[in-house]
Amino acid sequence: MEADELLVLVAGGDQKAFEELYGLVSGPVFGLVRRVVRDPAQSEEVAQEVLLELWRSAAKFDPGRGSALSWILTLAHRRAVDRVRSARAAVDREQREARRAHHPAFDQVTEEVEAGLEREWVRRCLDRLTALQRQSVTLAYYDGYTYREVAERLSLPLGTVKTRMRDGLTQLRKCLGGVA
Amino acid sequence: MSLLARLLRREDLHSLAAPYALDALESGERYRFEKHLSTCDSCAAEVRALSEDAARLAWSTAAPPPAAMRDRVLAAVRATPQAPSPIPEHTPQLPPHVWGTQPPPSRTRAPRERRPFFVPLATATAAAALVVASLFAVQARQTQDKLDAAQSQSREINHVLAAPDARAATGKDTEGRSIGVIASASEGRAIVTLSGYAEPPSGRVHQLWQMRPHAQPRSLGLFKQGDTPLVATGLNKSATSLAVTVEPDGGSAQPTSQPIVQLALKSLGFGE
């Protein structure tokens, strides 16, 4: 069964459907949260909160407004970004730089990519973006930086970053072949 | 505002669609954009498409979660009631510890320090009731378009409520208007509601400020509608009070008028 149908069953209190949904989405949710949050213990905590939220709030999903997977991953991403930003606010700037120098945004993506058609495809499509499009998109999405922070890091005007993000996402859509 | 200024501002807001889809807006901006989104069908469609694109990026990061997580989540599911369907979408459950009647729940991340737990019960209850009441008022007005914004806000609110050191306070002025706050010093977050204040005149907004000794006021965001709770993040532990001023549309970098209301944060565990 697809995530969309499962979510509808889950909204009706079906625990078996939730188990099936868990099997389908826990990997993407956990992987995404871990990519953004990085700290393993905190990633697990956030991923658990997100999955439980799916159970609690399944009724809020509106199939007319997009796919279930996109809804679920949007929720997971928002939570992960919130967590990483509040943690980051507490971390000293130098420390942050040092840590980042250790894990450049894009290399780590490449590193984490394993076999799998969708993964390989996303990676290829990211490779096809211009460097600035790719960096703008990945610093925001995978590292949880605001577009202001991205502009600062890349020494670009705010307007340019916003445009690169938009162009980057639309290029990805073309490359990936439209909405999943 | 002149037509040109309005168009420019609209244009400017439009350009935030991609950063919004990537969750790359600061909370204040996110809020303003979501407000705009509820009145702009073309933006909503664009955001929807861009969000689908962003979600595709998630697929390249999928990784198997620890096996024990499954058991924990499924156990939690069996013990957790579901929220009823969309409207009212998220009845805020006030955990007992916010009311000061039970010890705070344990958490993996312990708060930096333990203070004797104390909430003046009447005050806490009043503030909590205020927050809940305004949430309901908001939810009654919800249209489907506004749900997303409300959902993210409910999450923020639940997050504050779940903090072990969440405490509540209210301030009333001589005319019976009040400000209600539930805050967590360890999280640096607060939910703030205004009650009884008239909507600011057209082209003006209510703006919330963090006041701190020897520091300039820092904006914590703009109130959406008179009674919509504002979720403030990044509160400093040494903050001594919250203040609300009336500012030109879009907010100011620094307050340009006297506060209409101010609330001390000492009883909420701040000010050190």
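Predicted model: local features only at pLDDT ≥ 70, side-chain atom pairs only at ≥ 80, totals over all residues.
How many helices and strands are there in chain B? Chain B has seven helices and eight strands, where helices (H or I, at least four residues) and strands (E, at least two) are DSSP runs, numbered from the N terminus.

Residues are numbered from 1 along each chain as its sequence is written, chains are lettered from A and ligands numbered from 1 in the order in which they are written, and side-chain values use heavy atoms, with hydrogens and water left out.

Let me begin with chain B as a whole. Of its 272 residues, 50% count as buried; buried means under 20% relative accessible area, exposed over 50%, and partly exposed in between (1.4 Å probe, protein chains only). The accessible surface of chain B, by the Shrake-Rupley method with a 1.4 Å probe, comes to about 12,300 Å², and 56% of that belongs to carbon and sulfur atoms. Among contacts in chain B with a separation of 6 or more, 64% are between residues 24 or more positions apart; contact means heavy atoms within 4.5 Å.

I turn to the sheets. In chain B, four strands form an open antiparallel sheet in the order S1-S2-S3-S6, where two strands pair if DSSP finds at least two bridges between them. Strands S1 (167-172) and S6 (230-232) of chain B each have a single partner strand, so one side of each is left without a neighbour in the sheet. Neighbouring strands of this sheet are turned by 20° against each other on average, direction ignored; the axes are lines fitted to C-alpha atoms, and angles run from 0 to 180 degrees between N-to-C directions.

S1(B) and S2(B) pair in the antiparallel sense over six bridges, and Lys172(B) has Ser178(B) as its bridge partner in S2(B). On to the next strand: seven bridges join S2 (residues 178-184) to S3 (residues 189-195) of chain B, again antiparallel. Here Ile179(B) is partnered by Leu194(B), and Gly180(B) by Thr193(B). The hairpin of S2(B) and S3(B) has four residues between the strands, and Gly188(B) takes a positive phi near 65° in it.

Are the residues of S2(B) buried or exposed? Seven of its seven residues are buried. In a regular strand the side chains alternate between the two faces of the sheet. In S2(B), Ser178(B), Gly180(B), Ile182(B) and Ser184(B) point one way, and Ile179(B), Val181(B) and Ala183(B) point the other.

Another open antiparallel sheet of chain B has four strands in the order S5-S4-S7-S8. Its edges are S5 (218-222) and S8 (261-264), and its neighbouring strands are turned by 30° against each other on average, direction ignored. Four bridges join S7 (residues 241-248) to S8(B), and Leu242(B) has Leu263(B) as its partner there.

Finally, the interface. Chain A contributes 70 residues to the contact and chain B 63 residues. Together the two chains bury about 6,400 Å², 54% of it on carbon and sulfur atoms; buried area is the accessible area (1.4 Å probe) that two parts lose on being put together, summed over both. In chain A, Arg56(A), Arg65(A) and Arg78(A) lose the most area to chain B, together 13% of what that side buries. Nine salt bridges are found across the interface, each a side-chain nitrogen of Lys or Arg within 4 Å of a carboxyl oxygen of Asp or Glu. One salt bridge joins the side chains of Glu26(B) and Arg148(A) (3.4 Å, N to O).
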